[in-house]
Amino acid sequence: MTDHNSNTTHFGYKTVAAEQKVSMVADVFHSVSAKYDLMNDLMSLGIHRLWKRFTIDCSGVRSGQKVLDLAGGTGDITALFSKRVGTTGKVVLADINASMLNVGRDKLRDLGLVGNIEYVQANAEALPFADNSFDIVSIGFGLRNVTDKDAALRSIFRVLKPGGRLLVLEFSKPEQAWLSKVYDLYSFKLLPAMGQLVANDKESYQYLAESIRMHPNQETLKAMMQEAGFAEVSYHNLTGGIVALHRGYKF
């Protein structure tokens, strides 16, 4: 969370100037973009695909709707939404990182998903869309990398249509103490080693592990969404709370 008084924020476990974080996170994702999908499959044993499908199933998305997939990266969630909204709908894949956006665009085009998807490079804290533009906004594994999460949630609230919903799929806090211990061992020993072996990039995966620990827990994120204006906020723990899906509505 950004400290507005001192204008510093967290980059993993480091404290950095808030204005530095955007470029530091950008460097991480420029570095990991080429191997991002492979590493996701390895890191989660493929379970990330089930988390993403669950998110779509909970979205209530219908044919003809307009969806914003924020921090959409390599496009997994965009692809699932694209099939649901059909030819009369639209999905905007937005990401602050050009490298991730390019990987996502190439992947989705290779899958033949071209008719109803747009690509926008955008900062979640100041979205370049009109008020009341989207039926659904999703942000999957991206909110923890945003410098000012409160500003991002307010920006998302602004671009949602009345009656629209936000879905935040993000790493969270395991429910059981034993699972936390196993997860810590995995995150700080195996994950950076895997990053070095597969992507030749230990540091980026060390940061990603640290960023997960610095992210607000389930109840804190729920309160932040309510503070931003969202109603009927709830969350569903997945895989023992390693991941949580938060939902909120704009009324």
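Contact here means heavy atoms within 4.5 Å. The model is predicted, so local features need pLDDT of at least 70 and side-chain atom pairs count only at pLDDT 80 or more, while totals for chains, interfaces and linings use all residues. Residues are numbered from 1 along each chain as its sequence is written, and side-chain values use heavy atoms, with hydrogens and water left out.

**View 1. His 48 in helix α3.** His 48 belongs to helix α3, residues 47-57. Helices (H or I, at least four residues) and strands (E, at least two) are DSSP runs, numbered from the N terminus. His 48 counts as buried because its relative accessibility is 3%. Buried means under 20% relative accessible area, exposed over 50%, and partly exposed in between (1.4 Å probe, protein chains only). Apart from neighbours within four places in sequence, His 48 is in contact with Asn 40, Asp 41 and Asp 76.

**View 2. The open sheet of 7 strands.** The strand order is β5-β4-β3-β6-β7-β9-β8, and the pairing is mixed. The edge strands, β5 (117-121) and β8 (231-238), each pair on one side only. On average, neighbouring strands of this sheet are turned by 15° against each other, direction ignored. Two strands pair if DSSP finds at least two bridges between them. β8 pairs with β9 (residues 243-249) in the antiparallel sense over 6 bridges. Leu 238 stands opposite Val 243 in β9.

**View 3. Helix α6 across the sheet strands β3, β6, β7 and β9.** Helix α6 spans residues 149-159 and runs at about 145° to β7 (160-171). Axes are lines fitted to C-alpha atoms, for helices over the stretch in contact, and angles run from 0 to 180 degrees between N-to-C directions.

**View 4. The largest nonpolar core.** A nonpolar core is a set of buried Ala, Val, Leu, Ile, Met, Phe, Trp, Tyr and Cys residues joined through side-chain atoms within 4.5 Å. Of its 28 residues, Leu 68, Leu 70, Val 137, Leu 166 and Phe 230 touch the most other members. The largest share of this core, 5 residues, comes from α6. Not counting residues up to four places away in sequence, Leu 166 touches several residues, among them Val 137, Leu 153, Met 225 and Phe 230. A second, separate core of 21 residues includes Val 61, Ile 77, Val 85 and Leu 245.

**View 5. Gln 176 in a loop.** Gln 176 lies between β7 and α7 (177-199). Gln 176 counts as partly exposed because its relative accessibility is 45%. From C-alpha to C-alpha, Gln 176 and Leu 190 are 20 Å apart in space, and they are 14 residues apart in sequence.
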